[in-house]
Amino acid sequence: MLDVFVPNGGDLAKPVVMYVHGGGFFSGDKMWTEKVYSNIGWFFAQHGIITVVVNHRLVPHVQYAGGADDMQMAREWIYNHISSAIYGHGSVDKVVLFGHSSGGAHVAMNLYSASKKYSQCLEPTHGFVLI
């Protein structure tokens, strides 16, 4: 469901980007091609940012609000694991959610519904980019 790209260096409390691919809700993948999504994790990691590249279920195998649920699972994983050494000592206080196209819609749905639906309501993120 997700891949973690860890930058070199032993700094603690590194910033984290959670990237969610687009694809019109019915196509796409976190590693779609070597020219599009697969390079995002490497790019941010080379700039000192831990990057979590996330997949989500696609239509017709999911109904609304399944994408928001997938984002919640990824956010909970980050919240519970990203500060460990194996994942680069990321900071849960420095997480930016980055969604492209339908990935941005899933992130927005998750942010909108998080306080209403999920048992683990996570702290607000450091920021978000929805394109």
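The model is predicted: local features need pLDDT of at least 70, side-chain atom pairs count only at pLDDT 80 or more, and totals for chains, interfaces and linings use all residues. Residues are numbered from 1 along each chain as its sequence is written, and side-chain values use heavy atoms, with hydrogens and water left out.

Start with the layout. The protein has 3 helices and 5 strands. Helices (H or I, at least four residues) and strands (E, at least two) are DSSP runs, numbered from the N terminus. Read from that end, the order is β-β-α-β-α-β-α-β. Of the 131 residues, 45% are buried. Buried means under 20% relative accessible area, exposed means over 50%, and partly exposed lies in between (1.4 Å probe, protein chains only). Contacts are heavy atoms within 4.5 Å. Among contacts with a separation of 6 or more, 78% join residues 24 or more positions apart.

Now look at strand β3. How many of its residues are buried? The count is 5 of 5, so the strand is mostly covered. Ile50, Val52 and Val54 point one way, while Thr51 and Val53 point the other way. Strand β3 also has partners. Two strands pair if DSSP finds at least two bridges between them. Strand β1 (residues 2-5) runs antiparallel to β3, and 4 bridges join them. Here Leu2 stands opposite Val54. Strand β2 pairs with β3 in the parallel sense, over 5 bridges. In this pairing, Met18 has Val52 as its bridge partner.

Next comes the inside. In soluble globular proteins, nonpolar side chains tend to be buried together. A nonpolar core is a set of buried Ala, Val, Leu, Ile, Met, Phe, Trp, Tyr and Cys residues joined through side-chain atoms within 4.5 Å. The largest one here has 14 residues. Val16, Met18, Val54, Ile78 and Ile82 touch the most other members. At least two residues each come from β2 (14-20), β3 (50-54), α2 (66-81) and β4 (90-99). Helix α2 gives the largest share, 4 residues. Take Ile78 as an example. Leaving aside residues up to four places away in sequence, Ile78 touches Val16, Met18, Val52, Val92 and Val95. Another core, of 9 residues, lies apart from this one, and its members include Phe5, Ile40, Ile49 and Val53.

Is Asp70 buried or exposed? It counts as buried because its relative accessibility is 1%. Its contacts, not counting residues up to four places away in sequence, are Met1, His56 and Arg57. With Arg57 it forms a salt bridge, the closest N and O atoms being 2.9 Å apart. A salt bridge is a side-chain nitrogen of Lys or Arg within 4 Å of a carboxyl oxygen of Asp or Glu. The structure holds 1 of these. Arg57 sits in the loop between β3 and α2, 13 residues from Asp70. Arg57 is partly exposed, at 39% relative accessibility.

The protein exposes about 7,000 Å², and carbon and sulfur atoms supply 59% of it. Such areas come from the Shrake-Rupley method with a 1.4 Å probe; for residues, only the protein chains shown count as cover. Leu111 belongs to helix α3 (residues 102-117). Its relative accessible area is 30%, which means that Leu111 is partly exposed.
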